[in-house]
Amino acid sequence: MLNQLQNLGLSENEARVYLAMLELGSSTMLQIATKAEINRPTAYVRIERLKKLGLVSTQIKGKKQLFIAEDPNQLGLVIEEEKRAADQ
């Protein structure tokens, strides 16, 4: 699955973060970074790009910000749109 996500245009760390988020569901940055086996600052950067691609949403619960992976069925459409925009 990691290779498939990379073939769609995600970096290795972006793919790892996205997969971790799919497995965890609604989760904190620390949980995501731990699951993806990357450091927290790198996770923040990768999640910001995934948010720009429309693959991640956030919600506030109490004092914590939680991150949620969007439906993987949208992944191909989002990446294609990003490629088209880059080509223009």
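Helices, which need at least four residues (H or I), and strands, which need at least two (E), are DSSP runs numbered from the N terminus. By this naming, Thr 28 belongs to the loop between helix 2 and helix 3. The model shown in these views is a predicted one.

**View 1. Confidence along the predicted chain.**
The mean pLDDT of the protein is 89, and 97% of the residues score at least 70. Confidence is highest in helix 3, with a mean of 97, whereas it is lowest in helix 5, residues 75-87, with a mean of 73.

**View 2. Helix 2 packing against helix 3.**
Helix 2 spans residues 12-24 and helix 3 spans residues 29-36, and the two pack at an angle of about 115° with their axes 8 Å apart. The crossing that helix 2 makes as it passes helix 3 is right-handed. On the side of helix 2, the contact is made by Arg 16, Val 17, Ala 20, Met 21, Glu 23 and Leu 24, and these meet Gln 31, Ile 32, Lys 35 and Ala 36 of helix 3. Sorted by kind, the residues of this contact comprise six nonpolar, one polar and three charged.

**View 3. Val 17 and the residues around it.**
Val 17 is part of helix 2. Its relative accessibility is 0%, and because buried means under 20%, Val 17 counts as buried. When residues up to four places away in sequence are not counted, Val 17 touches Ile 32, Ala 36, Ile 38, Ala 43, Arg 46, Ile 47 and Leu 50. A C-alpha to C-alpha distance of 9.7 Å separates Val 17 from Thr 42, and the two are 25 residues apart in sequence.

**View 4. Ser 27 and Thr 28 in the loop between helix 2 and helix 3.**
Like Thr 28, Ser 27 lies in the loop between helix 2 and helix 3. Ser 27 has a relative accessibility of 1% and counts as buried, and Thr 28, with a relative accessible area of 15%, is buried as well. With neighbours within four places in sequence left aside, Ser 27 is in contact with Ile 32, Gln 65, Leu 66 and Phe 67. Counted in that manner, the contacts of Thr 28 are Lys 64, Gln 65, Leu 66 and Phe 67.

Strand 1, residues 56-61, and strand 2, residues 64-69, pair in the antiparallel sense over six bridges. Opposite Gln 65 in strand 2 stands Ile 60, and opposite Lys 64 in strand 2 stands Lys 61. The hairpin has two residues between its strands, and Gly 62 takes a positive phi near 65° there. Lys 63 is also found in the loop between strand 1 and strand 2, and with a relative accessible area of 87% it is exposed. Along the chain, Lys 63 and Leu 10 are 53 residues apart, and their C-alpha atoms are separated by 30 Å.

**View 5. Glu 37 in the loop between helix 3 and helix 4.**
Glu 37 sits in the loop that lies between helix 3 and helix 4, the latter covering residues 40-52. Its phi is near 60°, which is a positive value in a residue other than glycine. In general, most residues other than glycine have a negative phi. The relative accessibility of Glu 37 is 63%, and because exposed means over 50%, Glu 37 counts as exposed.

Glu 48 is found in helix 4, where, at 37% relative accessibility, it counts as partly exposed. Between the C-alpha atoms of Glu 48 and Glu 14 there are 9.8 Å, while 34 residues separate the two along the chain. Leu 53 lies in the loop between helix 4 and strand 1, and its relative accessible area of 6% makes Leu 53 buried. Leu 53 and Met 1 are 52 residues apart in sequence and 19 Å apart in space, taken from C-alpha to C-alpha.

Key
Residues numbered from 1 in each chain as written. Predicted model: local features only at pLDDT ≥ 70, side-chain atom pairs only at ≥ 80, totals over all residues. Heavy atoms only, no water. Axes fitted to C-alpha atoms, helices over the stretch in contact; angles between N-to-C directions. Left-handed = near helix turned anticlockwise from the far one by under 90°. Contact = heavy atoms within 4.5 Å. Nonpolar A, V, L, I, M, F, W, Y, C, P; charged D, E, K, R; others polar. pLDDT = per-residue confidence, 0-100. Pairing = 2+ DSSP bridges. Buried < 20%, exposed > 50% of the residue type's maximum accessible area, 1.4 Å probe, protein only.
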